[in-house]
Amino acid sequence: MRIRVDPDKCQGHARCYALAPELFAIDDYGLSTVVGDGTVPPGLEGRARLAIDNCPEFAVQEVGATGD
Amino acid sequence: MGEAAPVTAWASDFDVLAPQYLADPFTIWDELRTSCPIAHTERRGSTWLPTRYEDVTAIAHDVDHFSSLQVAVIPFQGQAPAEPVLPYGLPPISADPPLHTWTRRLLLPWFSHRRVEGYEPMTRALCSGLLDRVAGAGGADAATDYAQQIPVRVIAHILGVSPDLADTFTGWVSDVLEFADDPERRRRGVQGLLQYFTTEMAARRATPGDDLLSELLRTEVDGAPLDDRLVLGQAILVLIAGVDTTWSAIGSSLWHLATHAEDRRRLVEEPGIMDLAVEELLRAYSPVTMARVVRTDVEFGGCPMRAGDKVLMNFPAANRDPAIFERPDTVVLDRAQNRHVAFGSGIHRCAGSNLARMELRVALEEWLRRIPEFHLDSSDVTWAGGQVRGPRRLPVVFG
């Protein structure tokens, strides 16, 4: 599983970082980026799914998922 | 202010200050969502009220048509002064790009995730101290003795102003937001805030500290210091936005836990779900409604919106939309899919959302640690609404 953050959609809600701090980094303005290339380490898929399903801006996405 | 005429048609004549709306807006939104998802009223000027998630978030993102120059749900009455004291308003909340963009960047680092972690120990100590005072009694007013006391002191700490004035600040903020329909009270609140921060800015310029107000006074943009009137607006914004909103969220959450024993016990037994529970309580009891003003005539969702019309950004109703949330009227503490917009959507996302979230979590953790069992003392709960919804009196009995 691989995830990405769409920088044009992210508004700094930081919900992803709060739910899965292992997978995201945020700057002082709240903008989020994925750690590394966004590949989700084994065992963290559930947290990645939570981050996707809780982003109010639909900015956190699974790479290769429908619509990507 | 006289008695308003009762509402007979919510779709065409809604009133956000009507007693029925204050007590239970949820039923009204549910009916509107299926019959007339964008309601209208001529009360306090032509105003629209979207109730669907899709519409609310679309309007929030359409900054070309919907301006933030007027964000007050209850419009100010009387004539605007020829030379306004705050020509920039309260940026960034009452600003559009480009002013919005750079003034927001001045504030955001003060409310970053990292910075907010630093405010957590003082918040926890504050909550614990408040509970020391009430825990020995058989009960308390969870709104006035607890919820109301927390955010104002955290914000005072960040701004570098005296926590001893907490009650005064709370009074000014409720004059401006909660009693906005009373021109006399609103004027008093505005004057209090303006005079206080004008004096504080002079003092801080003479003796700078490491607080937000001092930092704004030190800030230069394009080689020039910020206009004093802009700093004044930003300082007032931080206080107004950080007080009523968060204490309403804490109060509503405690109301829910006082009236839902199974959720209260679950949260005590499963502290691991606290982060999700905080988001779910924010979804179900979103305190804040903002406004936008229509910039140019536009048809939106079949509604002929005219330049100058207001639109109420009904984030609380969006968060109860069954098209987005399964069983929206049920609080599911560990709800896994929760794209709630309690903090708004788009470029005006609440700049203090990390802080509010931390305060709500810590306030609930400390309360439940000391008072795991409690229930409503009576049905004598009062709710404020309009711009910010939350309980203003919340008597509870411990045990």
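Start by selecting A:Phe58, which is partly exposed because 13 other C-beta atoms lie within 10 Å. For the burial labels on this tour, a residue is buried if 20 or more other C-beta atoms lie within 10 Å of its own, exposed if 12 or fewer, and partly exposed in between, with C-beta atoms placed from the backbone. A:Phe58 sits in the loop between helix 2 and strand 4 (60-62) of chain A; helices (H or I, at least four residues) and strands (E, at least two) are DSSP runs, numbered from the N terminus. Check its phi: the value is near 55°, positive in a residue other than glycine.

A word on what you're looking at: this is a predicted model, where local features need pLDDT of at least 70, side-chain atom pairs count only at pLDDT 80 or more, and totals for chains, interfaces and linings use all residues. Residues are numbered from 1 along each chain as its sequence is written, while chains are lettered from A and ligands numbered from 1 in the order in which they are written.

Next, pick A:Ala14, in the loop between strand 1 (3-5) and helix 1 of chain A. Its phi is positive too, about 65°, although A:Ala14 is not a glycine. Buried or exposed? A:Ala14 counts as buried, since it has 23 C-beta neighbours inside 10 Å.

Now show where the chains meet. The contact takes 17 residues from chain A and 19 residues from chain B, with two residues in contact if their C-beta atoms, placed from the backbone, lie within 7 Å. On the chain A side, helix 1 (15-19) and helix 2 (45-53) are the elements that give two or more residues, and helix 1 of chain A gives the most, with three.

Buried residues make up 47% of its 399 residues.

Zoom in on helix 3 (residues 25-35) of chain B, whose buried residues are B:Pro25, B:Ile28, B:Trp29, B:Leu32 and B:Arg33. Look down the axis of helix 3 of chain B: these residues fall within an arc of 135°, so they line one face of the helix. (The arc is that of the directions from the helix axis to the C-beta atoms.) The face turned away from that buried side carries the exposed residues B:Thr34 and B:Ser35. Among the packing partners of the buried residues of helix 3 of chain B is helix 15 (315-318) of chain B.

B:Asn314 counts as buried because it has 29 C-beta neighbours inside 10 Å. Leaving aside neighbours within four places in sequence, B:Asn314 is in contact with B:Leu49, B:Pro50, B:Thr51, B:Val56 and B:Thr289.

For the last stop, select B:Pro91, B:Pro92, B:Pro97 and B:Pro98. The bond from B:Pro91 to B:Pro92 is cis, with omega near 10°, and the bond from B:Pro97 to B:Pro98 is cis, with omega near 5°. B:Pro92 is in the loop between strand 3 (66-67) and helix 5 (99-107) of chain B, and B:Pro98 is in the loop between strand 3 and helix 5 of chain B as well.
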